[in-house]
Amino acid sequence: MSKRYIGQRIKRNEDPALLTGQALFTDDVHLPGMLHVAFVRSDYAHGRIRSIDASYAREMPGVVAVYTAADLGAYWRPGPPLVSPPPVKGAIFNARTQVPLAKDKVRHVGEAIVMIVAESRYIAEDAVEQVFVDIEALPAVVDLEKALAPDAILIHEDLDSNLAAYIFQQKGDYESARAQADVVIKRRLYYDHGIAAAMENRGIVATWDAKTQRLTMWDTTQAPVVIRNGMAAMLGLSESQVRVIAPFIGGGFGPKIMMFYPEEVLLPWASMQLQRPIKWIEDRRENFFATTHERDQIHWAEIALTKEGRVLGFKDEFIHDTGAYDPYGLTVPINSQCTLLGCYDVPNYASEFKVVFTNKTLVTPYRGAGRQHGVFVMERMLDIAARQLGIDRAEIRRRNFIPPDKFPYNNELIYQDFVPLVYDSGNYEPALDKALEMIGYEQFISEEQPRLRAEGRHVGIGVVTYVEGTGIGPYEGARVQVESTGKVNVSTGIGTQGQGHFTSFAQVVADQLGVSPRDVHLVTGDTDQFHWGTGTFASRGAVVAGNAINAAAAAVRRKILAMASRELEAPEEDLELVDGVVRDKKNPEFAIALKDLAAKANPLRGAVRPGTEPGLEATDYFGPERGVTANGVHAMILEVDPETAMIKILKYVAVHDCGTVLNPLIVDGQVQGGIAQGIGNAFYEKIVYDDNGQLLTASFMDYLLPTSMEVPSLDIGHETTPSPLNPLGTKGTGEAGAIPVGPLFAQAVEDALAEYDLEVLEIPLSPNRLFELLQSKNKDA
Amino acid sequence: MKPPPFAYHAPTTLDEALQLMAEHGYGAKVLAGGQSLIATMNFRLAAPAVLIDLNKIPELSIIQPTAEGGALVGAMTRHVQVEQSELIARTAPLLHATMPHIAHPQIRNRGTFGGSIAHADPAAELPAFLRAVRGQVLAQSRRGQRWIDADDFFIGLFSTALEPDEIVTAVRLPAMPARSGWSMQELSRRHGDFALVAVEALLTLDADGACDDVRLAFCGVGEGPVLATAAAAVLQGQRPTAEVIEAAAAIAASDDVDPHSDVHATSAYRRHLVDVLAKRALTAACARAAGEEV
């Protein structure tokens, strides 16, 4: 196999359709006779439902059906736990999963109580206003620490407390490391990660066809195969009776792999009840309440070092907010716990966390999925240690890097894929060196910063590192087929939400089969085309589906070579696949086109040899034994106006190592998009709940996403340390950009305001919060 | 996020629009650029029974010089037209400097000058601008027409001196006084957001270089555009030294404004920004009035 296309910066196959508005999104599905849905949602964070009076709504012209929990009958049941807890000794996990429609009790603002089905969305929303739900308000559990107080009101009354889970993991012996340390530093840190706010909200169209006895569902999901199988089970259908299509999706970022959302459970059922197509498109306000969040953790961290800055041990205790239910298990806090150690060779680590239920929207992974929280804690503690020990910030990181000869490196903790976290490969120092060079670290610190400070400007530099465990199992699969047109069809079960799969996967196939990536047509997210797979999450597309597609394409390549060898009467080793033909390397005129081979492989008459499979087609799978570890370094120069507390990013560089790069254009885009979300997380976005559990930031007027005006031009560099764990050598990249931006901001802000001697122990910041930090220093002085 | 039902009228003449206003009055809302109203309706925070759409009345979309050397801006003139108007750049440089701060180009393409004035959002720039320059609002109804001074027009949170049957049809901007200087300063969370605090400053220096007629108007810090009269009193008749400007800015922050707290900024932070921005605006305006390049 040649590497003609892998690694090339080629433009995306999918972009012409996307850019000209021709791509199909769920809301583009219009079916004759289609009904529309709106939900009555809870205005209370916590309360008991006394009664529901939907009689006015039921009688409104254009209203077709009104469903409460009682109307669902036996179909009403809590959702299945999506991710079980990891096998850690002593673990506590109380699974309490979301319900289709609230019955008896509401547990967060925006929880669905009544489903209205009407001839139009307008009518459905008018009817929502005519449903009267009498709720006895209960005190809301909002604060993480208070959630565990002995007198806290219980969100799930069958439990003894609001504790959802507890995990303790360790490696080495922290206490003895602490005893040997020259310096021990303790801090309380707070990290709040906002919401994904994908450009496209969620949406579902479901239609039951009585004549074919089949259900078709368009769904903005990252995991169409799992949705299909689950829907079949819930509805009592066979899996082959359900077709789930995840068409183009305007951003997933994690929340679109929550399964099952109440709306996903209800729409197909209602379509069968009413025998009509039915559509629900989440509006932006609903998205803030009803699509899962990521949110805050409070950490109490302790780092033990030698006076040379070598980390001997780290201890961390934290509380994690899971919201009202915990169907996604412990993926987010486990990621925080396991990612904290980062690029560093830390021999002793003790970490425990408590997960608490609160009266807020559910927490499930969002780009980074808890890794941010861990990276923030470690990077901040290193900065504080560097300052205390008088060591340069880049240098303290360099001194603690895992050396390249220590890979595979076992961190011993059980990771989100339930196996010990072993870093497959990595080479951290070159990435650091490259980032320092790109940002001009030495020159900035020795010349530029003193000069600008003398002019009265407040400029600071930051540099942080991270690792990201990516590309976890269990598996993905693909079918690759060379058509008699010479075009290549690829189907896979992984979903796609803008990652460029139609191009990067085509590049892999193109290299195996000697065709142009433009001639490779990918179908992903249609269960009628391929019904094995788990979904797009955990930065696993290029690793798991990429290698599955590579394996299937390699199998087709073997078929092609065997057949061409017979046709051309030449040994396989003499043949090459180039430009859509198989030819003899020495005598290129001895050639046969792939399309002709494909036609011959599917004869209409005559006998074939026993055991022959028709066509040039193969299906194969890839299941990694464990995940692969990507890494990177980000650096930034930032200016603060201490009078107004406003900031300006002057320069931003990112060096990223995701092993073999399939398409650098796409990887750059992933890193850039991640950084944009990271910048939002660090300085603009903030989910604010009041003491009653009311969400105060439920529109884009109050929840501030960074725009192109706030995100600077980025310089992106690549290092390439291929993974030994998969044939392509790829590592995941989808989440990377978003992970280290918080601690980078904090460090650069501290440096810019060095004269104020601030310590930034929280994210997100904002001008207001910076003002308060500056004021507290003014008061101290 | 769909609005409740409403009746819709799209008159093609002002007379027709005024007739509809006379008929529907309180139940009606005027649709101009729709950049606030439509969102409010989709959130079901507003549910007008009748919408009267002014977009098909061409005579409301004008920018004209006045005999006094100022400008007359029709209510349906889009922000982008004001932003790009040479007449405005020449006769109303403070307005010219203000326009790029109003939201984003997409919104300025639709949003209207009169719509922003009539909506009277306390965080919006144009009401503060209009107070700073002593602009006047033309209100018309079937009963007749009247000019309302900006100081009398804005009476509270999203409320104005308009009667239910009146429409804002134009705004009159006076000429810049001789020896005057101006400055507009704004801080917002993101480019294009409503201001956390913004200030519109216009002042004159007399022959001795002392301040006269200082107009300092803030948005984002009260129930409407706030005119800093206490700060102006500190400056009146004084030569604008750094100390005087500092004292005036401090008075603006302590006496003239009563900012609210919200998820973006506490009252204390807004008050602090009033001080900082007042200082910057007064310094720049005085420099301009003294003929310096700013």
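A contact is counted here wherever heavy atoms lie within 4.5 Å. On that basis, residues 24 or more positions apart account for 80% of the contacts in chain A with a separation of 6 or more. The model is a predicted one, in which local features need pLDDT of at least 70, side-chain atom pairs count only at pLDDT 80 or more, and totals for chains, interfaces and linings use all residues. Residues are numbered from 1 along each chain as its sequence is written, chains are lettered from A and ligands numbered from 1 in the order in which they are written, and side-chain values use heavy atoms, with hydrogens and water left out.

Chain A holds 18 helices and 30 strands, read as DSSP runs numbered from the N terminus (helices H or I, at least four residues; strands E, at least two). Its radius of gyration over C-alpha atoms is 28 Å, close to the 28 Å of the globule rule (2.2 Å times the number of residues to the power 0.38) for 781 residues, so chain A is as compact as a globular protein of that length. Along the principal axes, the C-alpha atoms fill a box of roughly 95 × 75 × 50 Å. Of the 781 residues, 64% are buried, meaning under 20% relative accessible area (1.4 Å probe, protein chains only).

Turning to the domains, an automatic or database assignment sets the bounds: domain 1 spans 15–20 + 473–622, domain 2 spans 31–138 + 196–290, and domain 3 spans 367–373 + 396–471 + 627–780. The C-alpha centres of domains 1 and 3 of chain A lie 38 Å apart, and 17 residues of domain 1 are in contact with 20 residues of domain 3.

Notes. Buried < 20%, exposed > 50% of the residue type's maximum accessible area, 1.4 Å probe, protein only.
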